[in-house]
Amino acid sequence: FLCAKKKSKGNWVNPEVKKEDAKVVDSCDIEDIGEKKVFCRCWRSALFPYCDGAHNKHNLETGDNVGPLIIGRKKS
Ligand code: FES
């Protein structure tokens with residue numbers, strides 16, 4: 001049953017990022033974030049796991065409303 005489900009591309013959230021991997025896991029050291037980092041949540045970025053703005057095209061084409069996760073430091 002799992003194999004049949006896996007082959008059903010229509011249900012995939014991730015269309016093409018690291019499809020050769022069993023699971024896509026990325027990490028980032030907090031010390032490397034600097035002022036802010038913008039992380040992709042639409043799975044369409046060519047710079048995944050970072051956002052490259054591809055979500056705008058995806059939203060226009062599909063009517064979806066996805067956008068990035070922005071992690072930044074509080075301004076002191
Ligand atoms: Fe995926 Fe921006 S490109 S959220």
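Among contacts in the chain between residues at least 6 apart in sequence, what percentage join residues at least 24 apart?

**View 1. The whole chain, as a predicted model.** The answer to the opening question is 46%. The chain holds two helices and two strands. Along the sequence they follow the pattern α-β-α-β.

**View 2. Surface and interior of the chain.** The chain has 76 residues, and 17% of them count as buried. Its accessible surface comes to about 6,400 Å². Carbon and sulfur atoms account for 54% of that surface.

**View 3. The buried side of helix α2.** Helix α2 spans residues 54–62. Its buried residues are H55, H58 and N59. They lie on the same side of α2 because they cover an arc of only 100 degrees around the axis.

**View 4. The opposite face of α2, and what follows the helix.** Turned away from the buried side is a face with the exposed residues K57, L60 and E61. Just after α2 comes G63, with a positive phi of about 80 degrees.

View 5. H58 sits in helix α2. Is H58 buried or exposed? H58 counts as buried because its relative accessibility is 11%, and the cut-off for buried is under 20%. Which residues does H58 touch, leaving out those up to four places away in sequence? They are R44, G63, D64 and V66.

How values were computed. Residues numbered from 1 in each chain as written. Predicted model: local features only at pLDDT ≥ 70, side-chain atom pairs only at ≥ 80, totals over all residues. Heavy atoms only, no water. Helix = DSSP H or I, 4+ residues; strand = E, 2+ residues; numbered from the N terminus. Buried < 20%, exposed > 50% of the residue type's maximum accessible area, 1.4 Å probe, protein only. Contact = heavy atoms within 4.5 Å. Areas by Shrake-Rupley, 256 points an atom, 1.4 Å probe, with all protein chains shown as cover. Arc of directions from axis to C-beta.
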